[in-house]
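Okay, thanks for coming, everyone.

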Amino acid sequence: MSSKQKIVSDMKVVVSDAEEILRATAGVAGEKIGDLRERISDRLRDAKVRLADAEAALVDRTKAAARATDDYVHDKPWQAVGIAAGIGFLIGVIIGRR
């Protein structure tokens with residue numbers, strides 16, 4: 001899992017926890033609590049939008065990388081086979097040393 005995927009995943013957990021706190025304090029009265037709940041709700045909405053944007057950007061970059069790899073393999077199939085064989089050989093050497 002890449003660091004960006006980890007950040008998106010962690011942010012989803014934080015948003016979920018904050019929503020749970022808001023639900024748990026829904027019955028609590030008081031002006032300060034009401035103001036705090038409103039500020040948290042606003043920030044959660046903003047965080048959800050930014051999180052969705054970050055996730056969409058991550059998906060777009062992943063798809064672009066997959067398309068570039070696919071194009072390369074179609075344009076130069078024998079080079080791709082050679083590269084894969086070389087990587088397989090190196091992994092075999094590394095595993096063989098253990």
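**Salt bridges and surface**

Let me start with one side chain: Lys 48 is partly exposed, with a relative accessible area of 40%. For that scale, buried means under 20% relative accessible area, exposed means over 50%, and partly exposed is in between, with a 1.4 Å probe and protein chains only. Before I go on, the caveats: this is a predicted model, where local features need pLDDT of at least 70 and side-chain atom pairs count only at pLDDT 80 or more, while totals for chains, interfaces and linings use all residues. Residues are numbered from 1 along each chain as its sequence is written, and side-chain values use heavy atoms, with hydrogens and water left out.

So what does Lys 48 form a salt bridge with? The partner is Glu 19, and the closest N and O atoms are 2.2 Å apart. The rule here is a side-chain nitrogen of Lys or Arg within 4 Å of a carboxyl oxygen of Asp or Glu. Lys 48 sits in helix H2 and Glu 19 in helix H1, so this pair ties together parts that are 29 residues apart in sequence. Helices, by the way, are DSSP runs of H or I with at least four residues, strands are runs of E with at least two, and the numbering goes from the N terminus. Glu 19 is also partly exposed, at 23% relative accessible area.

How many salt bridges does that rule give? The count is three. Another one is Lys 12 with Glu 55, with the closest N and O atoms 2.8 Å apart. That pair links distant parts of the chain: Lys 12 is in helix H1 (residues 3–24) and Glu 55 is in helix H2, 43 residues apart. Both ends are partly exposed, Lys 12 at 40% relative accessibility and Glu 55 at 30%.

Then there's Arg 45 with Asp 42, where the closest N and O atoms are 2.2 Å apart. Those two are three residues apart in helix H2, so about one helical turn separates them. Asp 42 is partly exposed at 32%.

Zooming out to charge overall, the chain carries 17 positive and 15 negative side chains, and the centres of the two sets lie 6 Å apart. Lys and Arg count as positive, Asp and Glu as negative, and His and the chain ends are not counted. Each charge is placed at NZ of Lys, CZ of Arg, CG of Asp or CD of Glu.

Now the fold. The C-alpha atoms fill a box of roughly 70 × 35 × 15 Å along the principal axes. The radius of gyration is 23 Å, whereas a compact globule of 98 residues would be near 13 Å. That's taken over C-alpha atoms, with the globule rule being 2.2 Å times the number of residues to the power 0.38. As for burial, 9% of the 98 residues count as buried.

Last item, the nonpolar patch. Tyr 72, Val 73, Ile 83, Ile 87, Ile 91 and Ile 95 make a surface patch of about 530 Å². Helix H2 (31–75) and helix H3 (77–97) each give two or more residues to this patch, and H3 gives the most, with four. One of the residues in H3 is Ile 91, partly exposed at 45%.

Key
Patch = residues over 30% accessible without salt bridge, like charges linked within 9 Å, V, L, I, M, F, W, Y side chains within 5 Å. Areas by Shrake-Rupley, 256 points an atom, 1.4 Å probe, with all protein chains shown as cover.
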